[in-house]
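Open the model in your viewer and keep the sequence panel beside it. The tour moves from one selection to the next.

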Amino acid sequence: MPTWVEGLGYLAIGVQVGLRFTLESLRSIARMLPTAAVSIALTMVTCAGLGLALAAATGTSRLDAYLATTPGGLYAVLATSTSTGGNVTFVTAVQLLRLLLVLLLAPALARLLRRG
């Protein structure tokens, strides 16, 4: 795929996300910022730990393993992997496996939590 087409795709995704912000959503985000910052930091540290373990277990680079274990933002993860010359196939496969596990386990977890 030509680089300029790829760039236009990433631009379209960025515009799509950016246009969803409203003044009220920004105010709501500002109120949640402290809690969100702590949650984000804990998630990053956890993903880094999982990434290190995955890199050691598979022999892949630490960056690829970190990107493979990062939750959400699949487009951003794949864009980062592509732009850094990473193993996009590996990152996509692990992300897909993670997504399927969440879809399979979430209903059971919800039922378990509802009972408790």
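Start by selecting Thr 69. Thr 69 is found in helix H3, residues 62–69. Helices here are DSSP runs of H or I with at least four residues, strands are runs of E with at least two, and both are numbered from the N terminus. Before going on, note that this is a predicted model, where local features need pLDDT of at least 70, side-chain atom pairs count only at pLDDT 80 or more, and totals for chains, interfaces and linings use all residues. Residues are numbered from 1 along each chain as its sequence is written, and side-chain values use heavy atoms, with hydrogens and water left out.

**Stop 1**

Is Thr 69 buried or exposed? Thr 69 counts as buried, because its relative accessibility is 15%. The cut-offs are these: buried means under 20% relative accessible area, exposed means over 50%, and partly exposed lies in between (1.4 Å probe, protein chains only).

Show the side chain of Thr 69. It reaches the backbone oxygen of Tyr 66 at 3.1 Å. Now select the surroundings, leaving aside neighbours within four places in sequence. Thr 69 is in contact with Cys 47, Leu 50, Gly 51, Leu 54 and Gln 95. Contact means heavy atoms within 4.5 Å.

**Stop 2**

Go to helix H2 and select Glu 24 and Arg 27. Both lie in H2, three residues apart, about one turn of the helix. A salt bridge is a side-chain nitrogen of Lys or Arg within 4 Å of a carboxyl oxygen of Asp or Glu.

Arg 27 is partly exposed, with a relative accessible area of 45%. Arg 31 is exposed, at 59% relative accessible area. The side chains of Glu 24 and Arg 31 meet in a salt bridge at 3.8 Å, N to O. Salt bridges that share partners join Glu 24, Arg 27 and Arg 31 into one network. How many salt bridges does the structure hold? It holds two.

**Stop 1: the nonpolar patch**

Select Met 1, Trp 4, Val 5, Leu 8, Leu 11, Val 15 and Leu 19, and show the surface. These residues make a nonpolar surface patch of about 810 Å². Patches are made of residues with over 30% relative accessible area and no salt bridge; like charges are joined within 9 Å, and nonpolar side chains (Val, Leu, Ile, Met, Phe, Trp, Tyr) within 5 Å.

Center on Trp 4. Its place is in helix H1, residues 3–18. Trp 4 is exposed, because its relative accessible area is 60%.

**Last stop: the whole chain**

Zoom out and color by secondary structure. The protein chain has five helices and zero strands. The C-alpha atoms fill a box of roughly 50 × 40 × 25 Å, taken along the principal axes. Buried residues make up 14% of the 116 residues. Among contacts between residues at least 6 apart in sequence, 38% join residues at least 24 apart.

Definitions and conventions. Accessible areas come from the Shrake-Rupley method with a 1.4 Å probe; for residues, only the protein chains shown count as cover. A polar contact is a pair of N or O atoms within 3.5 Å; within protein, one must be able to donate a hydrogen and the other to accept it, and residues adjacent in sequence count only if both atoms are side-chain atoms.
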